[in-house]
Each structure stands twice: as C-alpha cells, then as structure tokens.
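Subject: Structure for you to look through

Dear colleague,

I am handing over the structure below, and after it I describe what was found. Please keep it open beside this message as you read.

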Amino acid sequence: MTKSSGRGPARWVAPVTIIGISLLAFWQSTQFERVPPILKRGMQPSDFPQLVLLLIIALALYVLVKEKRVTVEKLHPKALSSAGLLIAFALLAEVDLFLGLGVFSAALCLSWGDRRPGAILFVGLVVPMLIFFFFDTVFDIRFPRGLLTNLWYG
Amino acid sequence: MDAALSGLLALADPYILALIVIATLGGVLIGALPGLNATTGAALLLPFTITMDPIPAIVVLTTIYCSATFAGAITAILINTPGTSASATTCLDGYPLAQRGEAGRALGMAAVSSTIGGIISVIALMLAAPMLARAAYNFAPPEYFALTVFGLSMLASIGDGSPVKNILSGAFGVLLATVGVDLLTSVERFTFGYNELSEGIGFVPVMIGVFGISELLVQAGGLDTVRKQVSMKSIKLPGRADYVKVWRTILRSSGIGTFIGILPAEGATVASMIGYNEAKRWSKTPEEFGNGAIEGIAGSEAANNAATGGAMVPTLALGIPGSPTAAVILAGMMVHGLRPGPSLFTEQADFVYAIFWSMMLVNVLFFFVGLYGAKLFARVTFIPTQILWPTVFTFSIVGAYALDQSMMDVWIALAFGIIGFMMRRHGFSVVPMAIGLILGGMLETRLGQSMVMLDEQWWLMVTRPLTLFFFVLTALALFGPMIWGRFFKQRAPIDSTGE
C-alpha cells in the first residue's frame, strides 16, 4: 500500500482539524442554557462537555507537538470513488431509500470491477428487494415513503 | 442455583436452540470472511435482535461473538488471511502447517484449543461475574465514576495505535454521548435544532457506521488482494502426541485469555498475541514457531476464545465492556432496557445464567461446525468483494434505519462511516470511540451524582479507598507502560554487558 509519511501537512491535518472542531464545539457549549443552582445538581449542563473538550484539545496539541512523523496511507482511487458514491446514495435516498440502495450497490459493484450483469442485478435489485420484504413482513418495519416504496405501500 | 436451572431451562426452548445453531453458523461465516469480524457482525445484526425478547436477542449476539472469534482461524490456516484480527498470530504457524499438507491437523488443533479455552473462560465467567457483581454492591457513584474512568484509561492500550490517539478517540466518544437532552437538567446540548437528536446519538447507527461502512471504504483500497487456498484432504483431530505437547499451552493460554478478557476494553486480539508469545517462551522448541508449530496454534486460539468469556465478566457485572464486541453486546442490552451491574444478577438472574449456558453450548457447537464445516466455510472467502460489500452496505443502512425507523439514524451511520474511515487513515482506532460513546453517559451521570453526594467537593473522591484504588489503577494504566519502558531502557545497556 502506498503511504505518505513525514513532517509535512499530513501530520498537521488530523490534530488541527480536531482542535478546530473542538473550539467550535466549545463555543457552542457556551451557548447552552444555564440552570439555577437549585436545579443544577452538581454541574451545569455545559460543564462536562467543556471538560471533555479541553481534554481533547490538550491531547490533540500533544499529538501535534510530539508525534513528529505520521504515516497516512494515500487515498486509494477506489476508496475515493466509493466515498463519492456514498454521497450520491445520500442524495438518491432523499427520493427513495431503496432506489438509493439499489443504485449505490449496482454502481459500487461496477466501479469495483465486476461487470457481470447477473452480479449487478443481484446486488442492485435482488438483495435490496429481499431485504425490503424481509424487514417489512417479518419485522413490520415501515420504510419512508418514496418513489419505489409507494408501489408497495400504495 | 434456581437461577442457574431456570437459565438452563430457558435454553431448552426449541426457538432459542434453533437461534443458537443459526447464529453459530452465521458467526462462523462472519468470522471466516476477511474484513468482517465479531464486532462488525454483532453491530450489523443488532437491529435484527430488536424485535426479539431480551434472552434470545443477547444470546444471538454472544453466540456471534464466540463463534466468529473462533472462525477467524479457518481462513488464517487455509488462506493465510486472518478472518479476524484475533487470529493474526494463528496464521504464523497455521498456514505453514497447511502448506505442508497438514491443514486438517492445524484446524483440528484450532478447534480443540478454542473449545477448551472458551469453556474454561465461561466457567471463570460463571464464578467471577456474580462475585464481582456482589462486590459492586458496595459501590456508590464516586466508585462507579472512578471505575468508568479506569475502563476508559484501558482504551490507551487497544490495538497497535498510539495510546494518546486512542484516548483522544475515546474522549471523542464520550463527547458524542453528551449530545441530546441532559438527563440531570433537561437542557438540550449539541442538537442543532434537530428533534431526532434530543435523545442523543444512538449506539447502533454509530457502531454500524464505524465498523461496517468505514470497513467498506477500507476494503475499496484492497481490491487487488489475491487469495489462494491450500488444499485440504480431510480434517484430522490432533493425535495423542499433539495433546501431550500442547496441554500445558492450552491451559496457560486459557488462563491468559480469560484474565486479559476481564480487563476492561482488552479483547481477543491482545489475548492471542500474549498467548502466542507465552507459548513460544515456554516451549522446548521455540525455533519451530513461525514454521508450523502446533503449540503456536494452540497458544493463540485458546487465548483468543478464552477472552470472550473473560470479557463478559466486567460487561455483565459492572456495565464496563471487556472488549469491542462486548461493547456492542452492552449496547444491545441497553437497547433492550437491561441495566448491567449488580442488580442484573438479582433481578434477572435467569437471564444472566441463560447467557452463561448459551456461551457454554456455543463453544461445544462451533467445535463440530468448525471441524466438519471448515472446508465449506473457507470457500466463503471467495465470495467476490464486489458482491459481498454492496450487500453488507444494504444491510447496514436498513439496520441503522430499522431501530427507530428514522432517516436521521441513516445519516448518522453514513457520517460515522466516513468519520471512521478518516480516523483509521490517520491512525486513530475507532474502537475507543465506540466504547467512549457507551461509557460517556454513565461517566457524566456518575460524576453528577458524585458531585451532589460530595456537596460539589469533587476532590473528596480521593478520600474514599475504593475510588482512590481505581484512580491509582488508572494512573498505572496510563503512565505505567511509559515509566516501565524508561526503567528498562535505562537498564538495558547494563544487562547487555552482563554487569
């Protein structure tokens, strides 16, 4: 597997992102409602998250300062395209969850190199249908209404 | 005694027996598939257990845990690819043995030592868990708080990542547990106006995301791997000479595995590594290790299966997960409204014993499944990744949705799939995060209760002997390896010169 390592940007990315997000979360925690002393029962609602956030920031700073060399595996193109497909799934699932699942599965199968129609049909159509009917009939799960599920729900 | 009997009787139900058999087969299948392991399997199957009663639901999860842990050995021996990380050391001697045409003997030894290790650990579980639960009756909130802190500190040594990164990942999990309405004050925190988040971030979608979906992205990077199976004529149980050679190793590794399992957060992977190393250290023929030593297989497999029973001790008695898979089982118990801890042993003793007996049964069952179905299960590794992972994804998403029938859970699973993948790329293990999420709620509640109890004078916690004991253990878990390392580093040159 290809790896990029060293003292370059790779070693900054994770700790700096963590510190940035933690600072935002800390600011957000200062906006929490405060309760009167009689109700707070030992701690204000913001106390514990702030304590944890300070610990996270301190640890991220430690990683930033002490871990001079980090090894980050280079993102495989297939991993990148699969992540892209996940985003496409999220958009399609807004139209219909099972449409999203079918299209994602078929596209993933195809992009990972299996071009057999049978395999694509199996993961894109048969598996989602089997799972839908299994959950619907055995577990009584009602899936969100959408373009395809409406065909069953009426 | 009554509880032990009623627990055993609960298992006599044909429905539960059938579930155990199916889950054993499913667990072996999951364990044999590279990329899927006991934790991922339990996380993916958790939503399926929601509609079940608590006993069958948790029995299914523990069965998956035991059988998947064993099954990693099948692929480790036959195709040099450990089905689970706990079987990585089994590859070292299992595959060379298989290449020499002794795959059957290697699998036989793996099955025998796994079964013995598993049974010994379940016996230890049956003895130790009730005792630990009785001891925990004396725990007040400060003791529970200190114990939870100790449990979290043990996350430092999970996997092969940096301890600081592990603690950071665990702290992130604890932070996630603060999302939602604060139970003590009813104030909303980090909900960003979404009503679906007011009850907090669910364990199930997060587990599905970090263990299932992130693994899909990891697998995308390994599509070029070619697996070649060693031919296996027949399964052969180890002979008398083998038993004479390995019985001490099996017993030693079973003890090691059980002990490692009992330690919070430490699971089968650590146990198998230590079990293997100790087998080599005590062996009369250490030079054979790595070239097909039967003791190596026994040492690794007895230890990793013994860790399963051990890991359930703190999980059931204290509510502190003993391993990553135990964390998923704990999440399953919470979803079913069960509260692990001392009260579980008094109020639902038959449930606890049903779990004990089912684990005992599974250890016997997978012996036969493993021995006589190994050839078949090894074939599942040849299911094309292009078919397996889209199917796993569909299960993951539907599973995440099914629990609360909420699309928010689907988005959470997706988001944590990507977060988990990014974390893994940058050297952060996702296991501490999952355990932190489970323990975070308990940590905050116990801290709040302690503050009320001690009149907001938190420093009084260290005046309580048990609390102080757990804090000392925490300090040792965090700083012990560092101090130990420096001590030995300083001594090493002296030793090497013989002075």
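In this model, which is predicted, helix α10 of chain B passes helix α11 of chain B in a right-handed crossing. Two packed helices are described by the angle between their axes and by the distance between those axes. Here α10(B), residues 240-262, and α11(B), residues 268-282, pack at an angle of about 150 degrees, and their axes are 9 Å apart.

Next come the cavities, of which 2 reach 30 Å³ or more. The second largest cavity holds about 60 Å³ of space, and the residues that line it include A10(A), R11(A), A14(A) and P15(A) from chain A, as well as K165(B), H426(B) and F428(B) from chain B. Which element gives the most to this lining? That is α1(A), with 4 residues, while α1 (9-30) and β2 (70-73) of chain A each supply at least two. By class, the lining of the second largest cavity divides into 7 nonpolar residues, 1 polar residue and 2 charged residues.

Finally, chain A is divided into domain 1, covering residues 3-73, and domain 2, covering residues 77-153, and the C-alpha centres of these two domains of chain A lie 36 Å apart.

With best wishes

Definitions and conventions
Residues are numbered from 1 along each chain as its sequence is written. Chains are lettered from A and ligands numbered from 1 in the order in which they are written. This is a predicted model: local features need pLDDT of at least 70, side-chain atom pairs count only at pLDDT 80 or more; totals for chains, interfaces and linings use all residues. Side-chain values use heavy atoms; hydrogens and water are left out. Axes are lines fitted to C-alpha atoms, for helices over the stretch in contact, and angles run from 0 to 180 degrees between N-to-C directions. A crossing is left-handed if the near helix is turned anticlockwise from the far one by less than a right angle, and right-handed if clockwise. On a 1 Å grid over the protein atoms alone, a cavity is a set of points where a 1.4 Å probe fits but cannot get out, and a pocket is an open set with protein on both sides within 12 Å along at least five of seven lines; lining residues have an atom within 4 Å of a point. Grid points are joined across faces, edges and corners, and a volume is the space filled by probe spheres set on the points. Ala, Val, Leu, Ile, Met, Phe, Trp, Tyr, Cys and Pro count as nonpolar, Asp, Glu, Lys and Arg as charged, and the others, Gly among them, as polar. Domain bounds come from an automatic or database domain assignment.
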